[in-house]
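Have the model open while you read.

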Amino acid sequence: MSLFTVFYGDAADCRDRLRDDRLLALVRFAHPPATEADGRICTVDLEALGSGATAEIWLGARPARVAVSEGIYHADDGEVLFLHARSDEYAPDALQPLTAVLYRRLFAKARALGYPHVLRVWNYFSRINQECGGLERYRAFCAGRHQALAAELAEFETRLPAASAIGTRAAGLQVCALAAREPGAQIENPRQVSAFRYPRQYGRRSPSFSRAILKSWGEGREHLYISGTASIVGHASRHDDLSGQLEETLANLDALLAEAERRAENPLALALLKIYVRPELDPAPLRERIARTFGERTPLLFLRADICRRELLLEIEGLATAPAARHL
Ligand code: 3EB
């Protein structure tokens with residue numbers, strides 16, 4: 001049985017993609033963002049760097065059921081559900097309640113559609129490191145997310161989705177998510193303290209996410225959704241230079257993949273990597289080093305973005321797949 005796929009492409013070809021009735025979503029990275037009439041296009045206000053890849057395409061295994069209801073875009077192919085929503089910010093210091101409400105709405109929608117298990121969430125909002133009303137906006141976001149997930153999840157610590165939380169320039173909170181009918185399995189990184197157990201120095205409410213989610217879609221089809229991974233060992237940020245942070249991040253990805261392989265039915269291989277780099281930095285050395293590590297065959301998407309801890313310069317997320325889940 002075939003499975004939905006996700007791959008990188010050029011947003012300039014999106015007209016062709018939109019003719020495909022299996023399209024679940026086309027996540028376009030562009031600064032400044034253009035407004036799109038087609039709900040399947042989700043524009044994220046981040047500048048893509050370099051060679052061609054400016055969009056992430058989610059393609060169902062069969063024709064998608066697509067709708068917008070109660071302000072939430074959703075598309076499913078019977079097996080997987082993609083959700084997308086955004087909330088305007090009515091005040092810069094109200095990110096906590098805004099996040100809590102948007103998360104509750106997303107989870108309620110996923111549940112109502114028959115996909116109660118949220119596997120993976122992408123969070124985008126502006127001024128991520130800025131203090132507003134005495135609280136850094138990333139921490140306000142974490143507090144709101146914690147509040148919602150504590151209410152939504154019966155087994156909070158073991159059922160957290162994989163996630164990324166990224167700073168954009170556009171105002172408003174934007175959330176994309178992937179959900180399934182049956183749960184995935186939590187994978188934590190042996191080199192890192194679980195984010196949901198970070199000590200209080202990183203915020204009153206710890207970041208509620210799993211390092212990765214290993215999802216078996218049956219018949220040997222497995223996906224590993226890898227959360228944003230950065231130069232953190234234990235709970236502390238390491239290195240103040242880009243290349244030092246990159247090496248540590250690669251070691252973290254290695255350890256996480258090894259941990260997942262122990263739990264997977266099949267060998268996993270990296271299928272996609274997305275690299276978020278601080279806007280003021282030159283990503284060229286990163287590209288070389290990453291291509292050297294993973295081979296020219298792993299598609300890479302570089303984005304200029306802010307990272308959730310002030311001192312972090314880059315963050316890498318990705319998807320790894322088992323052979324049966326590959327058909328491209
Ligand atoms: C970290 O490991 C780095 O708050 O959703 C990475 C991935 C990070 C997701 C999130 C934060 C998040 O703590 C930052």
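1. Let me begin with the second largest cavity: β2 (23-29), β5 and β9 each supply at least two residues of its lining. Bear in mind throughout that this is a predicted model. The lining consists of Val27, Phe29, Glu56, Trp58, Phe82, Trp122, Tyr124, Cys176 and Lys274. By class that is seven nonpolar, no polar and two charged residues, around about 50 Å³ of space.

2. On to the largest cavity, which has a volume of about 100 Å³. Among its 13 lining residues, Glu56, Trp122, Glu317, Gly318 and Leu319 are the closest to the centre. Glu56 and Trp122 also turn up in the lining of the second largest cavity. In total, the model has three cavities of 30 Å³ or more.

3. At least two lining residues come from each of β1 (5-9), β5 (55-59), β9 (117-126), β16, β19 (269-277) and β21 (314-321). β21 contributes the most, with three residues. The lining splits into eight nonpolar, one polar and four charged residues.

4. Where does the ligand sit? The space it takes is the largest pocket. Two elements give two or more residues to the shell around the ligand, α3 (137-152) and β12 (162-168). β12 gives the most, with three residues.

5. Which residues come nearest to the ligand? Out of 13 around it, they are Tyr138, Arg145, Tyr198, Arg211 and Cys308. The shell as a whole has eight nonpolar, two polar and three charged residues.

6. Last, the polar pairs, if you want distances to check. Tyr138 has a polar side-chain atom 2.5 Å from a ligand oxygen. For Arg145, a polar side-chain atom is 2.7 Å from an oxygen of the ligand. Tyr198 places a side-chain N or O atom 2.7 Å from a ligand oxygen. How much of the ligand does the protein cover? On its own the ligand has 360 Å² of accessible area, and the protein covers 100% of that.

Note on methods. Residues are numbered from 1 along each chain as its sequence is written. This is a predicted model: local features need pLDDT of at least 70, side-chain atom pairs count only at pLDDT 80 or more; totals for chains, interfaces and linings use all residues. Side-chain values use heavy atoms; hydrogens and water are left out. A residue is near a molecule or strand if one of its heavy atoms lies within 4 Å of it. A polar contact is a pair of N or O atoms within 3.5 Å; within protein, one must be able to donate a hydrogen and the other to accept it, and residues adjacent in sequence count only if both atoms are side-chain atoms. Accessible areas come from the Shrake-Rupley method with a 1.4 Å probe; for residues, only the protein chains shown count as cover. On a 1 Å grid over the protein atoms alone, a cavity is a set of points where a 1.4 Å probe fits but cannot get out, and a pocket is an open set with protein on both sides within 12 Å along at least five of seven lines; lining residues have an atom within 4 Å of a point. A molecule sits in a cavity or pocket if more than half of its atoms lie within 2 Å of its grid points. Helices (H or I, at least four residues) and strands (E, at least two) are DSSP runs, numbered from the N terminus. Ala, Val, Leu, Ile, Met, Phe, Trp, Tyr, Cys and Pro count as nonpolar, Asp, Glu, Lys and Arg as charged, and the others, Gly among them, as polar. Grid points are joined across faces, edges and corners, and a volume is the space filled by probe spheres set on the points.
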